[in-house]
Amino acid sequence: MIRTRIAPSPTGDDIHIGNLYTAYINWAFAQKNDGKFIVRIEDTDRTRLVEGAEQKILSTLNAYGIKPDESVEVGGEFGPYRQSERLPIYKKYAEELISKNKAYFCICSRERLTNVREEMKVQKIVPKYDKYCLGRQDEVKKEIEKGIEYVVRLNISENTEVVFDDLIRGEIKINTDNLDDQVLIKSDGFPTYHMAVVVDDYLMKISHVIRAEEWISSTPKHILLYQAFGWELPVFAHLPILRNPDKSKLSKRKNPVWASWYLEQGFLPKAVLNYLALMGWSHPEEKEIFDHDEFIKEFTLERVRAVGPVFDVKKLEWMNGQYIMKIQNSKFKIQILNFYTDKHLDEKIVEQSIPLIKERIKKLSEYWNIAGFLFERPENFEKDLSEQKELLTSVAVRLKKVESWTADQIGEEMQEVAQEKEVPFGKFFMTIRIAISGKKITPPLNESMEILGKEECVERLLGANS
RNA sequence: GGCCCCGUCGUCUAGCGGUUUAGGACGCCAGGUUCUCAUCCUGGAGAUCACGGGUUCGAAUCCCGUCGGGGUCACCA
C-alpha cells in the first residue's frame, strides 16, 4: 500500500506555495497508486506557533481541491494527526532508544553549547556537540532527578557512511562525521522535527517520503533513527525547491509565497496546480495543459528533474488565461460573482459580459478593470472629449432612434454617422469608446453598448465630459 | 567554510551515444486579421548544451576536474 503525506507546520500565515507543490505531487502519486494521502500537522515548535495557521492551511488545501484521505479533519486509523497530541508516543520511543544506548540525556547549557561550537569553528572542524554528557550519564540522571532541564540526544557513531537511494537523485552518501548528535526531545518535552517525523512516518506506515530538497541533509539523521529502532526505511524522493528569479529559495521577501494569495489574485486552483506540475516535471508528450486525471496517469517520480526551477508568474498568468478561455460560461459567471461578492454585481450583466471578456483577462482580478464600466458610469476619461461634444451629440441623437438595440444595428448606425461626419473609423470609435467606458481599452464596443442599453448609452454620450 | 544537490535559449523544459543545422512552451520582436485591447494565424531573434580534459569511429548525452548556482550545518521545521 502506497502511503504519502505532507507535514505542514502552522508557523506562518498560510501554506507556502512550495508546500502546495509538494502536496500536489504527494497527492497525485498516492492517487496514481491507489494509495492514501495524509496531512499531518507538525506543531512541535511552540515558540513559532501561529494562531489560526493550521485552519488556514487546511482550508487553502481544500480550496485547491487537494483532499487528504487522513488528517486532523477527516480522521483516520493512524491518528491523532496533530503531533502536539502524540507526546506520550514520542516519549515512549525516546525511552526505548535510551534503554538501547542509542540515545542519551544531555543537560549542557546553551552557553556551553555555543562555546563548544565556536571553539570548533575556530579550529575549522565541523561544529557539533562534543558528547560531553554521554560520558557522565549517571551524574546527568541525578541532576535530572533534582529537576534540571534536559534534552535527549541521538548517539551518532563516528565515521560511518550513511547511504540512501533517492528516487529522483540516485545514491546519496554522507559521512556521520558531518552530523551532530541530534536533539530528539527538547527541554519542553516536545520532540524535534527529526524525532517526530521518523516516529510518525513509521507509525502511519508512510511508504514514500516525498519532500523538498532542503531535507536532503537531514535525511541521514532520519535513517540513523530508523536503524536505531530497527525499522524498515521508506522510499525517499527529494523534489527540487522552487526558486525566486535570482535562483534563491522561493521566499516571501522576493515573491508572493502564500498559496491563498494566488487565489485572491483570481488564479484558478487548477491552473496553479497545472503550472506547479510543470516545475521539474514534464509530460511525456510535452503537453503543457492537462487536468488532474491526466497528471495522475502520467506522473512518475523518475521523470522529475533535480534542478530548482524558477517560479515564473508570467507563465502562470498565461496558463490561467488558457484555463479561463476553456471554462464554461455559466461556471465562469459564478466564479466572477464569488470573486466580487462585495460589489454585488448584477448577475445578468455579468453573464452577458462573459463572452466579451473571456479572451481578454488572465485572472479574475482583471475583470473589474475591463468590465467595470458595464456596472458604473465612468468618472474619469482617459482622453479629453471636450472638443467632441458635437460629434457625441449627433451619435446620441442617431442612436435614440434605433429600434432594434443590437450590437450589429448599433455598429451600422455609428458607422453611418462616422461617414456622414467624415471622421475616420479609428478616431471615431475611440471617441465613442471613451465616452461610454472612460477607457481606451475595452471589450468590443457594439456589444458592450448593447448590454448597457439604449438609454444608458445615450445618456453617457451626452453627459461625457460635461 | 564543511557536507550535500544541481548546471540545455531570459524563464519552464524535450533530449537519455549517431534520425539534431539542439525541438517545444512562456516572454520578447515583426507582420496579418481588427473601430481599441485581447484572441487567432504567420514569421523572427534567442542555447558554441557552464568551462576544460578524457572515453568513443561518433557526446548535450558516459567519466574526471574546474568554475558557477542552490541547499544545509539550532532545544526551527
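In this predicted model, the surface near RNA strand B draws at least two residues from each of helix 4 (110-122), strand 6 (170-175), helix 11 (313-326), helix 17 (425-437) and helix 18 (445-452). Helices (H or I, at least four residues) and strands (E, at least two) are DSSP runs numbered from the N terminus, and a residue is near a molecule or strand if its C-beta atom, placed from the backbone, lies within 6 Å of it. Helix 17 gives the largest share, five residues. There are 63 residues around RNA strand B, and Ser187, Lys249, Ala306, Pro309 and Phe429 come nearest. Sorted by class, this surface holds 24 nonpolar, 15 polar and 24 charged residues; here Ala, Val, Leu, Ile, Met, Phe, Trp, Tyr, Cys and Pro count as nonpolar, Asp, Glu, Lys and Arg as charged, and the others, Gly among them, as polar.

Residues are numbered from 1 along each chain as its sequence is written, while chains are lettered from A and ligands numbered from 1 in the order in which they are written. As the model is predicted, local features need pLDDT of at least 70 and side-chain atom pairs count only at pLDDT 80 or more, whereas totals for chains, interfaces and linings use all residues.

Helix 18 has the buried residues Asn446, Ser448, Met449, Glu450 and Leu452. A residue is buried if 20 or more other C-beta atoms lie within 10 Å of its own, exposed if 12 or fewer, and partly exposed in between, with C-beta atoms placed from the backbone. The cover over these buried residues includes helix 13 (347-357), helix 16 (407-420), helix 17 and helix 19 (454-463). Glycine 453, with a positive phi near 90°, follows helix 18.

Chain A is divided into domain 1 (1-71 + 240-326), domain 2 (88-185), domain 3 (327-370) and domain 4 (377-463), with bounds that come from an automatic or database domain assignment. The centres of domain 1 and domain 4, taken over C-alpha atoms, are separated by 47 Å.

Strand 1 pairs with strand 2 (residues 36-39) in the parallel sense over four bridges; two strands pair if DSSP finds at least two bridges between them. Isoleucine 6 has valine 39 of strand 2 as its bridge partner.

Several loop residues also deserve a look. Most residues other than glycine have a negative phi, and most peptide bonds are trans. The bond from glycine 79 to proline 80, however, is cis, with omega near -5°, and proline 80 sits in the loop between helix 2 (53-63) and helix 3 (87-99). Lysine 124 has a positive phi of about 60° and lies in the loop between helix 4 and helix 5 (137-145). Lysine 124 counts as exposed because it has 7 C-beta neighbours inside 10 Å. Lysine 131 likewise has a positive phi, near 60°, and is found in the loop between helix 4 and helix 5. With 14 other C-beta atoms within 10 Å, lysine 131 is partly exposed.

Serine 365 belongs to the loop between helix 13 and helix 14 (367-371). Serine 365 is partly exposed because 14 other C-beta atoms lie within 10 Å. Not counting residues up to four places away in sequence, serine 365 touches Gln265 and Gly266, where contact requires C-beta atoms, placed from the backbone, within 7 Å.

Technical notes. Contact = placed C-beta atoms within 7 Å.
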